[in-house]
Amino acid sequence: MKKLKIVCLDGATLGSADLSAFEDFGDFEKFELTPKEKVIDRLQGADVAMVNKVVLDENVLDNTNLKLILETATGTNNIAVEYAKSKGIAVKNVAGYSTQSVTQHTFALLFAFLNQVIYYDEFTKSGKWCKSDIFTDFSRLTTTLAGKNYGIIGLGAIGREVAKIASAFGATVFYYSTSGVNSNAEFTRLELDELLSECDFISIHAPLNEKTKNLITQKELNLLKNKAILINVGRGGIVNEDDLALMLDKKDFRAALDVLESEPMRKNHPLLSVKNKQNLIITPHIAFASEESMARLIKMVFENLVEWSKNGK
């Protein structure tokens, strides 16, 4: 078999992941980022394209001679998958590599609120504790997960792991199936409105599709309990961000987001102007990106390449 030319178009999205295995496998070229107008040029002569967010549409596929597309993520919405298949181009993605990482980040966001971590870190570092007459502080009470209702939107692999851990902490777990077909005997299935109104803490672990786009708007946010916590580590676009910014200043609940509809976050985003900033935590799409999950991701992408090289699939 001739030596393959492998081109990674957006290596910056893989952080400092070790890609040396690909160098040993073929003629490997990595670009940190690739603007739309340079995609076709950079793929000239390439057999294999590695992409995360770079769009490989029908025009790109018609003007290159790719044999394999390695998606370095689970979602393939940046690739014209069916058209690629019609041209005999294999498309291989990865799944399940970040389950533990996203689950852990879900609880990191939750406990940041429940244990008042941000408030008490500032309280101590500002010197306020030094002025206390007693050994502790009661200006913000913490909250336990035990005895609360935990709602999960999207009971896939990550959702099930979150459910297991929430149960271990003593919470009662409920879920809403965004597909309408998911069923799990361990936990109680509720319709969305009921889950939002009954649960103290809610986390989203669903894909973005026609059923989940703008699933949570002002109407749904108005159903939340006072002091409820809503976490989105699924996909941006599931929660309407304009409505969320509005409701955070009108209603007493808290929200934590790791994903936004447009990333990176745009300037003048309405969430940057929320008055009740203590009720909002935003992290820059890092839930998946633990050291361990990134290593697992690269290993799985490489295994996809090896598998394809052996059987063409």
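Patches are built from residues with over 30% relative accessible area and no salt bridge; like charges are joined within 9 Å, and nonpolar side chains (Val, Leu, Ile, Met, Phe, Trp, Tyr) within 5 Å. Accessible areas come from the Shrake-Rupley method with a 1.4 Å probe, and for residues only the protein chains shown count as cover.

The model is predicted: local features need pLDDT of at least 70, side-chain atom pairs count only at pLDDT 80 or more, and totals for chains, interfaces and linings use all residues. Residues are numbered from 1 along each chain as its sequence is written, and side-chain values use heavy atoms, with hydrogens and water left out.

**Stop 1: the surface patch.** Select I134, F135, F138 and L141. They form a nonpolar patch on the surface, with about 530 Å² of accessible area together. I134 sits in the loop between helix 6 (117-125) and strand 6 (149-153). Helices (H or I, at least four residues) and strands (E, at least two) are DSSP runs, numbered from the N terminus. I134 has a relative accessible area of 47%, so I134 is partly exposed. Buried means under 20%, exposed over 50%, partly exposed in between (1.4 Å probe, protein chains only).

Stop 2: Five strands make an open sheet in the order 2-1-3-4-5, with parallel pairing. Its edges are strand 2 (27-30) and strand 5 (90-92), each pairing on one side only. Two strands pair if DSSP finds at least two bridges between them. Strand 1 (residues 5-8) is joined to strand 2 by four bridges. Pick C8: its bridge partner in strand 2 is K30.

Stop 3: Select E307 and K92. They form a salt bridge, with the closest N and O atoms 2.9 Å apart. The rule: a side-chain nitrogen of Lys or Arg within 4 Å of a carboxyl oxygen of Asp or Glu. E307 is in helix 11 and K92 in strand 5, 215 residues apart. K92 is buried at 13% relative accessible area, whereas E307 is partly exposed at 37%.

Stop 4: Which residue forms a salt bridge with K164? E161 does, at 3.2 Å between the closest N and O atoms. E161 is buried at 15% relative accessibility; K164 is partly exposed at 48%. Beyond its neighbours within four places in sequence, T99 is in contact (heavy atoms within 4.5 Å) with A157, I158 and E161.

**Stop 5: a network.** Finish on D193, K219 and E220, linked in a network of salt bridges.
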